[in-house]
Every structure is written in structure tokens, then in C-alpha cells.
Amino acid sequence: MQISNHQYTIQDIPVLDIAQQFGTPLYVYDADKIVEKINQLRGAFPNVNLKIKFACKALTNISILKLMRQNGVEIDVVSPQELQLALHAGYTGSQVTFTPSGVSFDEIEAAVAAGSMINLDNLIVLEKFGQRYSGSAPCMIRIKPNVAAGGNVKIMTAHEGSKFGIDIRQREDILRIVKQYGINVVGLHQHTGSDIKEADAFVRAAAVIFEFAESFPNLQIIDLGGGFKVAYKKGDHITNMPELGAHLSEAFLDLSKKLGHELQLWFEPGKFLVSEAGYLLVQANVVKPAPSRTFVGVNSGLNHLIRPMMYDAYHHIVNVSNPEGVKTETYDVVGYICETDTFAKDREINEVREGDILALLNAGAYGFTMSSHYNSRFRPAEVLIYEGKAHLIRQRETMEDILKNQILLEL
């Protein structure tokens, strides 16, 4: 989002015009920013055989998935429903990686039948997979390297207490099962967590995977997940992508030499690709002074963007209707849900008046996908700004959507 001619714009389209055309609350995504982040990741690894797999749980709108596919990005899914969305967006089964956690085995069978790569994350499922497929279906194994890193304990996924992956200390059990059933292991995977600032955390986790990889002479893929830190506010420390690329590329190429053949390096970014591209536009319903603070109540809430309440996540807020206000005020920006429902506390914003349009930044990841019908509120519409035009990619819900699966019992 830029300020141009005294107004906020996205690809030169005034944001207020977008809000006027499609209404609020509204999710808006900038396609150019998504492509920029794809190219940034590719640029950090110029000397390796790199494949990007979008972790689509971050944003599953099929138009976004189509944009990813058109830019050479494949896809990582965690449920049969996400797999179906990927197919609707034009992906083939072989372009999909299925990385579930704690699912029933029939989900894994369905993904194999679709031609997807399966990522197995516990010993029991690994053994079932061997019994069912032996070496006929390729698979990957998700390893837990016991590295704690991430912006919040709730989004750390590779530490000793995490449910994800097979603990590296169970390596002998893994090798025994693989040998017993002749399982065709083509890749090793790990995902450390989200919002990782330091390249060192990736390097430490990768070192564990690289060392274990030497036990699989026919390995083809190393998948290091995602979790790159994005900037939520001015001065935020983000992942140094060139530094990360340099450190990991050297170690990765050394591993390829040891195994005697070229490997593919995979990453599964979600937030990194779409977070900065997204905005949640809301309208100020009321400006409510109180003795110790002033509340701005908006026409949205944790039902549309739960991250501030769930993760204490910071989302920068700008007053789109007053971009160059002569004064700023300190506000608590709160939602309309009948629950403690706070987007921001003690936030300095250009003076807000009833009816003003506010934009919550960095709302492209885990916004709409974690939304709900709480308080029987409708979920927002979604708009993609693509090649200088605003395109509606999801209609705003109606009462029909709330009622369509309910059955009125005859009493």
C-alpha cells in the first residue's frame, strides 16, 4: 500500500474506491507483492535446484492458488479438502505435497491415489504405509530436529514438546521400519516454526536433517519447511534471506556431493508469500471516549482476523480516510464480537471519525482461512488486485450461507 496524491493506493487504485465498490469488511490482496516475495525467495538460492511449495493453509482462495501456479510455485496441503482446492485451481496431483498431522490413514490413501507426495510424521503411520505400499509409492518423512525457534510458542513446531514430526532420537526405529518394508523414502522434511528471525535456527535444524540424510543414499529431496519472518511494523527484524541462502546453499551442495547426485531443496512458505500482500479493510462504527482511553469500534472482529487475540499478533493500522491527518490520537481498536475482541491497544493513529475506513496490514496470511461464523456474523468478501484491476474472488456471505447446512427440527 502506497500513499499517492494524498491517498492510499494499491497498484495505483485508491483504497477508498475499493472499499466503496466492494464494501467492508473486506480482504484485499496485492498480486504484485506475492510475485515479489516469490522472486525474493528464489533469488536467495540461485545456485541450487530449488522448488517452492506454498503452504496453502495460510490462504486457500483458489484464485490465489492459481496465481501461485502461474508463477511456478507448487503446493503443500494438510487436508483432503485443501488437496481438492489445489486440484480446482489447476494443480495436478503430482504437484501437491500432503503433510498431515494425526490424520486417519484413509486420508493418506486418498492422497496417494491422487498422485500426491506424502509426508509421514509418526512411526505408526510409517509402518502402516510400508505395509500398504512397500516400495510402490514414494514418500517423505517429517523429522523433528528438537530446535526451538519462532515468534510465539504456539507457532513453534520442531521443539521436543511439539506434536509434529518423528523425533530424531528415534532414527534407528525409522531406519528399521524403512528397511523392513522396503519403503521408498525420497525426501526428508522438517519445519521449525513461524516468524524465525535468525538464519542460525534454520542452519541448526538443517544440520540435523543433512546428517540423517546420509542414511538414505537414494534421497532426492530435502524439504526445510518455511517460517521466514516478515515485518509487521517499522524496524522489525526480519529473516535475512541472502544470508540464509548463502549458509544453507553451501551445506546443501556439500550434502549433494556426499550422496553423489543432485538433490532438490524444497521450502514451504505460507506467511512469507502472502502476509504482506493482504489488507483487512474495516469501517469505524463508533468512536467511544472513556476516562482512561478512547475505543474505536469497527465492523469486524476476531471472527475475521483472530491472530491478535490468539497470538498477540501485531497488525499495523492506518486510517485510509485520513492519511495525512493534522493530528494523531491514541486508540484501542476493538471488534464487534460479544467477547474481549481487541485488534490493537494504545495505538497511535491519525484521528479517527465515525465512518472512516481503517486498514489492518499484514493480513494476507491466516486471516480469512481462520475466520468463523462466531456470533453468526458473515465472513468478508475477498478481492485480488491483479494487473492494475480489482477482481472479486470471493463473494460476501449472506444469511443463506449461515443457514444452508442447518436443519430445522419439527417439534
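E211 is partly exposed, with a relative accessible area of 41%, and in this predicted model the residue takes part in a salt bridge with R171, in which the closest N and O atoms are 2.8 Å apart. Because R171 lies in helix α7 (residues 171-181) and E211 in helix α8 (residues 199-213), this pair ties together parts of the chain that are 40 residues apart in sequence. The structure holds 16 salt bridges, whereas a search of the whole structure finds 0 disulfides.

**Salt bridges**

- Since K258 belongs to helix α9 (residues 241-259) while E214 sits in the loop between α8 and β12 (221-223), the bridge ties together parts that are 44 residues apart in sequence.
- E74 is buried, at a relative accessible area of 14%, whereas K51 is partly exposed, at 22%.

**Helix α3 and its ends**

- Helix α3 spans residues 62-70, and I64, L65, L67 and M68 are buried in it. Seen down the axis of α3, these buried residues fall within an arc of 155 degrees, so they line one face of the helix.
- The N-terminal end of α3 is capped by N61, which has a side-chain oxygen 2.9 Å from the backbone nitrogen of S63.
- α3 is followed by G72, a residue whose phi is positive, near 75 degrees.

**Backbone features in loops**

- T24 and P25 are joined by a cis peptide bond, for which omega is about -5 degrees, and P25 lies in the loop between α1 (15-22) and β4 (26-30).
- Q11 is not a glycine, yet its phi is positive, at about 50 degrees. Q11 is placed in the loop between β2 (7-10) and β3 (13-14), and this residue is buried, with a relative accessible area of 18%.
- Y366, which is likewise not a glycine, has a positive phi of about 55 degrees. The loop that holds Y366 runs between β19 (357-360) and β20 (381-386), and Y366 counts as buried at 17% relative accessibility.

**Cysteines**

- A disulfide, in general, is a covalent bond between the sulfur atoms of two cysteines, and the search of the whole structure finds 0 of them.
- Among the cysteines, C56 is buried, with a relative accessible area of 0%, whereas C338 is exposed, with a relative accessible area of 66%.

**A nonpolar surface patch and a buried histidine**

- F378, M399 and L403 make a nonpolar surface patch of about 260 Å². One of these residues, M399, is found in helix α12 (residues 399-403), and M399 is partly exposed, with a relative accessible area of 42%.
- H189 is part of strand β11 (residues 184-189), and this histidine is buried, with a relative accessible area of 0%.
- Although H189 and Q264 are 75 residues apart along the chain, their C-alpha atoms are separated by 12 Å.

Key:
Residues are numbered from 1 along each chain as its sequence is written. This is a predicted model: local features need pLDDT of at least 70, side-chain atom pairs count only at pLDDT 80 or more; totals for chains, interfaces and linings use all residues. Side-chain values use heavy atoms; hydrogens and water are left out. Buried means under 20% relative accessible area, exposed over 50%, partly exposed in between (1.4 Å probe, protein chains only). Helices (H or I, at least four residues) and strands (E, at least two) are DSSP runs, numbered from the N terminus. The arc is that of the directions from the helix axis to the C-beta atoms. A polar contact is a pair of N or O atoms within 3.5 Å; within protein, one must be able to donate a hydrogen and the other to accept it, and residues adjacent in sequence count only if both atoms are side-chain atoms. Patches are made of residues with over 30% relative accessible area and no salt bridge: like charges are joined within 9 Å, nonpolar side chains (Val, Leu, Ile, Met, Phe, Trp, Tyr) within 5 Å. Accessible areas come from the Shrake-Rupley method with a 1.4 Å probe; for residues, only the protein chains shown count as cover. A salt bridge is a side-chain nitrogen of Lys or Arg within 4 Å of a carboxyl oxygen of Asp or Glu. A disulfide is a pair of cysteine sulfur atoms within 2.5 Å.
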